[in-house]
Amino acid sequence: MERTFLMVKPDGVQRNLTGEIVSRFEKKGFTLAGAKVLAISKDLAETHYGEHKERPFFGELVDFITSGPVFAMVWEGENVIDEARKMMGKTNPSEAAPGTIRGDFGVQVSMNVIHGSDSEESAKREIELFFQKDELVTYEKTINKWV
Ligand code: DAT
Ligand code: MG
């Protein structure tokens with residue numbers, strides 16, 4: 001079963017949106033395989049966002065993601081990587097459709113509430129970066145046959 005890495009960013013945690021965001025993925029029918037609150041170190045931030053290190057906003061991005069605790073999660077389900085990206089909405093909240101997480105709660109591109117892996121490769125890399133194997137569980141929910 002496919003897994004993705006999702007993370008409520010510091011703005012989402014500070015604004016008490018963690019429960020709302022978890023709830024959306026639960027109600028959609030995905031299965032939570034692991035979750036934790038953590039403060040991201042500068043090293044971890046720079047590794048996680050390594051693909052953006054030449055971009056002009058890289059410094060701002062690392063400062064922001066380390067500015068307060070985040071809520072890191074691994075979600076499981078059919079096509080969960082693409083489905084979660086759809087539920088998050090476009091990177092810039094001003095372009096994200098209403099009904100998406102960024103469209104409903106975000107205002108600025110630099111504080112866009114949630115991170116989600118964008119491919120199978122990034123999901124694998126990000127899950128391994130943030131979680132130990134024994135922090136993730138696999139289990140069957142009887143509801144799975146209905147969604
Ligand atoms: P996404 O988070 O949708 O995968 P991304 O990988 O292109 O988007 O960028 C990573 C994060 O960097 C994004 O969530 C917010 C920040 N960011 C992207 N473009 C930006 C910009 N033009 N100015 C400031 N921050 C930006
Ligand atoms: Mg990205």
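These are my notebook entries on what I looked up in this structure, which is a predicted model.

**Entry 1: the annotated binding site**

I began with the UniProt record, an unreviewed entry, which places the feature "binding site" at Lys9, Phe57, Arg85, Thr91, Arg102 and Asn112. I then looked at the largest pocket, and its lining takes in Lys9, Phe57, Arg85, Thr91, Arg102 and Asn112 from this set.

**Entry 2: around ligand 1**

Which residues surround ligand 1? I listed Lys9, Tyr49, His52, Phe57, Leu61, Arg85, Thr91, Arg102, Val109, Ser110 and Asn112. Next I checked the polar atoms, and found that a polar side-chain atom of Lys9 lies 2.9 Å from an oxygen atom of ligand 1, that one of Arg102 lies 3.0 Å from an oxygen atom of the ligand, and that an N or O atom in the side chain of Asn112 is 2.8 Å from an oxygen atom of ligand 1. On its own, ligand 1 has 520 Å² of accessible area, of which the protein covers 79%.

**Entry 3: Arg102**

I located Arg102 in helix α6, which spans residues 101-105. Is Arg102 buried or exposed? I noted it as buried, because its relative accessible area is 4% and the cut-off for buried is under 20%. Setting aside residues up to four places away in sequence, I found that Arg102 touches Lys9, Met88, Gly89, Lys90, Thr91, Pro93, Ala96, Asn112 and Ile114. One of these contacts I looked up in detail: the side chain of Arg102 reaches the backbone oxygen of Gly89 at 3.3 Å.

I found Asn112 in the loop between α6 and β4, the latter being residues 114-116. Asn112 has a relative accessibility of 2% and therefore counts as buried. Beyond its neighbours within four places in sequence, Asn112 is in contact with Lys9, Asp11, Thr91, Pro93 and Arg102. With which side chain does the side chain of Asn112 make a polar contact? I found that the partner is the side chain of Lys9, at 2.7 Å.

Val113 also lies in the loop between α6 and β4, and it counts as buried because its relative accessibility is 0%. For context, most residues other than glycine have a negative phi.

**Entry 4: the annotated active site**

I went back to the UniProt record, again an unreviewed entry, where the annotation "active site" covers His115. His115 has its place in strand β4 and, at 9% relative accessibility, counts as buried. I listed its contacts, leaving aside neighbours within four places in sequence, as Phe5, Leu6, Met7, Lys9, His48, Tyr49, Met88 and Glu126.

Not counting residues up to four places away in sequence, Thr4 touches Met73, Val74, Trp75, Val80, Ile81, Ala84, Ser117, Ala123 and Ile127.

Thr31 lies in strand β2, residues 31-38, and its relative accessibility of 5% is the reason I recorded it as buried. Its contacts, apart from neighbours within four places in sequence, are Val74, Trp75, Glu76, Tyr139, Lys141 and Asn144.

I found Pro69 in the loop between α4, residues 58-65, and β3, residues 70-76. Why do I call Pro69 partly exposed? Its relative accessible area is 31%, and partly exposed covers what falls between under 20% for buried and over 50% for exposed. Leaving aside neighbours within four places in sequence, I listed its contacts as Pro10, Val13, Gln14, Val37, Leu38 and Ala39. I also looked up how Pro69 stands to Ser119, and these two are 50 residues apart in sequence and 25 Å apart in space, C-alpha to C-alpha.

Asn79 has its place in the loop between β3 and α5, the latter being residues 80-88. I noted Asn79 as partly exposed, with a relative accessible area of 38%, and its phi is near 55°, a positive value in a residue other than glycine.

Methods: Residues are numbered from 1 along each chain as its sequence is written. Chains are lettered from A and ligands numbered from 1 in the order in which they are written. This is a predicted model: local features need pLDDT of at least 70, side-chain atom pairs count only at pLDDT 80 or more; totals for chains, interfaces and linings use all residues. Side-chain values use heavy atoms; hydrogens and water are left out. UniProt positions are given in the numbering used here, feature names are shortened, and annotations may be inferred rather than shown by experiment. On a 1 Å grid over the protein atoms alone, a cavity is a set of points where a 1.4 Å probe fits but cannot get out, and a pocket is an open set with protein on both sides within 12 Å along at least five of seven lines; lining residues have an atom within 4 Å of a point. Helices (H or I, at least four residues) and strands (E, at least two) are DSSP runs, numbered from the N terminus. Buried means under 20% relative accessible area, exposed over 50%, partly exposed in between (1.4 Å probe, protein chains only). Contact means heavy atoms within 4.5 Å. A polar contact is a pair of N or O atoms within 3.5 Å; within protein, one must be able to donate a hydrogen and the other to accept it, and residues adjacent in sequence count only if both atoms are side-chain atoms. A residue is near a molecule or strand if one of its heavy atoms lies within 4 Å of it. Accessible areas come from the Shrake-Rupley method with a 1.4 Å probe; for residues, only the protein chains shown count as cover.
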